[in-house]
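The sequence and structure come first.

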Amino acid sequence: MSPSLLPEEPTATEADPVPSPHAPAGSTVPADPPELAADHIRQWHQSDGELIDLLRLARTLGPVSRLQLGPKSTVLLTDPAGIQHVLALNPDRYQKRSHRARALLGDGVLTAGGEHWKRQRRLLQSYFTGQGIRRFTSAMHDAARHVATQWSHSADSGQARDITADMRFYALDVIWRALTGHGATADTRRILSALDVILTALPVLPPPDGHQPDLGGHLTTIHHIVDAAIAEARGTATPPGGPALLHSLIRAADEQSWPDNLIRDEVMTLLVAGQETTANTLVWLYVLLGQCPDERTRALRAGPAGSADRNRAFQALISETLRLYPVAWLLPRHATEDDIVAGHQVRPGTTILACPYLTHRDPALWPEPERFLPRRFTTGHDRPTQPGAYYPFGLGPRACLGAQFALREAITLLEYLLPAYTATPDAAPADAAFGITISPATAVRATITRLAQPLSTVDR
Ligand code: HEM
């Protein structure tokens, strides 16, 4: 939506405590959140704007605000205490209902609920946290070396590279290696194109008319490839380096009599949840480093290759990227009971939209919120400490299962690329597109330059 179409002064209603319809006569309860006037929503619909435009407008009413999106009463929440209350402390009252994702992911851990979700989560957690992720170290290094080799060729030829394509391939290659023990092939590249179409087609929120995009053919393409990988893993012995994730899933499925298709659902879940998120984070990091090249130098000077200091500095680059671009930018929940959130009344049936993108750019929480300042995460300055102020991986029991995996994966790639190459974007940074994830609206291309003597050995 162009800024000129945004109404100047959004109007709030019901800002003060009012008598509750459920409360005894004479008593008062907290007010409903201020509501965005229907006119603004109508204008937004007519302008064919992005959802983020409407949410930015609603946010001007306060960190808890209401907007009527179709038949659903929706509450936008950016307040840290409210976020903590909804996502971390009361997950039973604020349920995840992933109806749209279920068409894509079946009953995998991202979409399942109740006992079924608990069992799946417990199983996968052992592979994705603590020592568990060590089993994926060589998969990450092999995939990172592949990208470094490509960058080396481009540095020699002087031809610009499509960084978006590189990061998408890397993220898929890592998950595929983790799952199967093999690198991505021509077949798996077809997964990328199919995923791309599917994720672009999925609306961020369910459309009011309930219309679902037709994902049929693209979904079938991915299912065929995944089914073939499952069949192959069933027919082969455990690889010498220990079982790939797929072998472990098959074993669990056999031991626990999983229903048909659940292994495929889990594989689909890991591909969808882990591929685009990590890839876009790495693309945004390169966009930001293009604007602030000194941050690359600063991170490399933090310590020698492999040191804890350098690791911390690389992690800070990623954390600050995820502050500015929390790629999973909107976390919807369904309120099941009357409740009070950050001082406001919330009714059952309301959709709560927790929005890390808006919380992370709130000037009341983050000094100079639009600036890329990785040192926030090494020094602790310029960074709020209250829970719920920073949540790129969500919070509470439904927080990202792959957070440690994603960080390790991103740092591994940076260890290969940052000391050896600079990537200078060929064009001014593209606008952000707010789909299922936040991505640059157009592919990012950059010229790769090899450093004669990497900073890691020279500049200390
Ligand atoms: C930078 C990369 C990533 C980001 C920013 C990210 C972000 C998130 C967020 C915000 C959620 C919670 C959604 C909600 O509360 O509604 C989530 C859930 C999840 N993520 Fe990630 N993710 C990333 C990478 C990964 C990777 C690499 C994997 C696996 C290989 C993964 C697997 C999952 C799964 C399975 C869930 C669902 C957990 C559950 O519901 O129990 N994610 N992710």
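R145 has a relative accessible area of 41%, which makes this residue partly exposed (between 20% and 50%; buried is under 20% and exposed over 50%, with a 1.4 Å probe and protein chains only). D142 is also partly exposed, at 31% relative accessibility. The two side chains meet in a salt bridge, 2.6 Å from N to O; the term stands for a side-chain nitrogen of Lys or Arg within 4 Å of a carboxyl oxygen of Asp or Glu. R145 and D142 are three residues apart in helix α6 (residues 137-157), so about one helical turn separates them. Helices are DSSP runs of H or I with at least four residues, numbered from the N terminus.

The model is predicted: local features need pLDDT of at least 70 and side-chain atom pairs count only at pLDDT 80 or more, while totals for chains, interfaces and linings use all residues. Residues are numbered from 1 along each chain as its sequence is written, and side-chain values use heavy atoms, without hydrogens and water.

**Salt bridges**

The whole structure holds 22 salt bridges.

| Pair | N to O distance |
|---|---|
| R145 and D142 | 2.6 Å |
| D39 and R42 | 2.7 Å |
| R161 and D166 | 2.7 Å |

D39 and R42 lie three residues apart in helix α1 (residues 38-47), about one turn of the helix. D39 is partly exposed at 43% relative accessible area, and R42 is partly exposed at 46%. R161 and D166, by contrast, are both buried. A network of salt bridges with shared partners joins R93, E337 and D339.

**Nonpolar cores**

A nonpolar core is a set of buried Ala, Val, Leu, Ile, Met, Phe, Trp, Tyr and Cys residues joined through side-chain atoms within 4.5 Å. The largest has 122 residues, and W151, M167 and W329 touch the most other members. Helix α11 (residues 262-291) contributes the most to this core, with 16 residues. Leaving aside residues up to four places away in sequence, M167 touches W151, A279, L282, V283, Y286, L413 and L417, where contact means heavy atoms within 4.5 Å. A second, separate core has 15 residues, including L77, V86, V341 and V346.

**Iron site**

Which protein atom is the donor of the ligand's iron atom? C400 (SG), at 2.3 Å, is the only protein donor. Donors are N, O and S atoms within 2.8 Å of the metal (3.2 Å for Na, K and Ca); water is not among the atoms, so sites may look incomplete. C400 sits in the loop between α15 (376-379) and α16 (403-417).

Notes. Helix = DSSP H or I, 4+ residues; strand = E, 2+ residues; numbered from the N terminus.
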